[in-house]
Amino acid sequence: AGRRQEGIHHGAKAGLAGGTPLTLRTIVGYPQLEAAAQIIVANLAEIGIDAKIEVVEIGAWIKDWIARKSPITMNSWGGITDPDLGLYIHFHGQPNGRDFCRLGSSEVDRLLDEGRTERDPAKRVRIYHDLQRVLATEAISLPLYSADLVFAHQRHVKGLAIHPTGYYYGLRDIWVER
């Protein structure tokens, strides 16, 4: 009880009165999001936030996300091998990007444009480090966990190489040896 009261006190200091409602959305077919959402809901309860989980089909999620009507969403988009692929569409303003996170920052747009066009790898690293500092300062997106991706296969399945993103790239290179 003492830990909960301390958490509620910290929640109140952050402007979140006891019983503050919150909807946390997950997507059907992503069990790791559902599992993480349950833990986050329990953690939020400790600071007096009454969070509920809403599970929607991917089509409904995409429609609401594009229309910028989606509540807070458990999403999984890590593991991208180049920062441009993962960050540009999410944070760059329209019409070039979609600014899905609704940041609306000309500084972020500038850094993303520089990162996209810079050919010197060392300069690109500095640009994306600067971008990370801005995103961390703005706290526009809060990564709460990283899902472990575990793959298993039988010994007679050959040529399986897991892509760093966890996506199923390269499945055409697999064969079965009996």
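Guide: Start at Pro 95, in the loop between helix H4 (83-91) and helix H5 (106-117). The model is predicted, so local features require pLDDT of at least 70 and side-chain atom pairs pLDDT 80 or more, while totals for chains, interfaces and linings use all residues. Numbering runs from 1 along each chain as its sequence is written, and side-chain values use heavy atoms, without hydrogens or water. Helices (H or I, at least four residues) and strands (E, at least two) are DSSP runs, numbered from the N terminus.

The bond between Gln 94 and Pro 95 is a cis peptide, with omega at about 10°. Most peptide bonds are trans.

Now the helices on either side of that loop. Buried means under 20% relative accessible area, exposed over 50%, and partly exposed in between (1.4 Å probe, protein chains only). This core has 13 residues; Leu 87, Phe 91, Val 108, Leu 112, Leu 131 and Leu 135 touch the most other members. H6 gives the most, five residues. A second, separate core has 10 residues, including Leu 33, Ala 36, Ala 37 and Ile 49.

The charged end of Arg 116 sits over the ring of Tyr 88, 3.5 Å from its centre. The criterion: NZ of Lys or CZ of Arg within 6 Å of the ring centre and within 35 degrees of the ring normal. Aromatic pairs number zero in the structure. A pair needs Phe, Tyr or Trp rings (for Trp, the six-membered ring) with centres within 6.5 Å; planes under 30 degrees apart are stacked, over 60 edge-to-face, the rest tilted.

Next, Thr 117, which lies in H5. Is Thr 117 buried or exposed? Thr 117 counts as exposed because its relative accessibility is 59%. Its C-alpha is 9.8 Å from that of Asp 84, across 33 residues of sequence.

Last, the setting. The protein has six helices and five strands. From the N terminus, the order is α-β-α-β-α-β-α-α-α-β-β. Of its 178 residues, 28% are buried.

How values were computed:
A nonpolar core is a set of buried Ala, Val, Leu, Ile, Met, Phe, Trp, Tyr and Cys residues joined through side-chain atoms within 4.5 Å.
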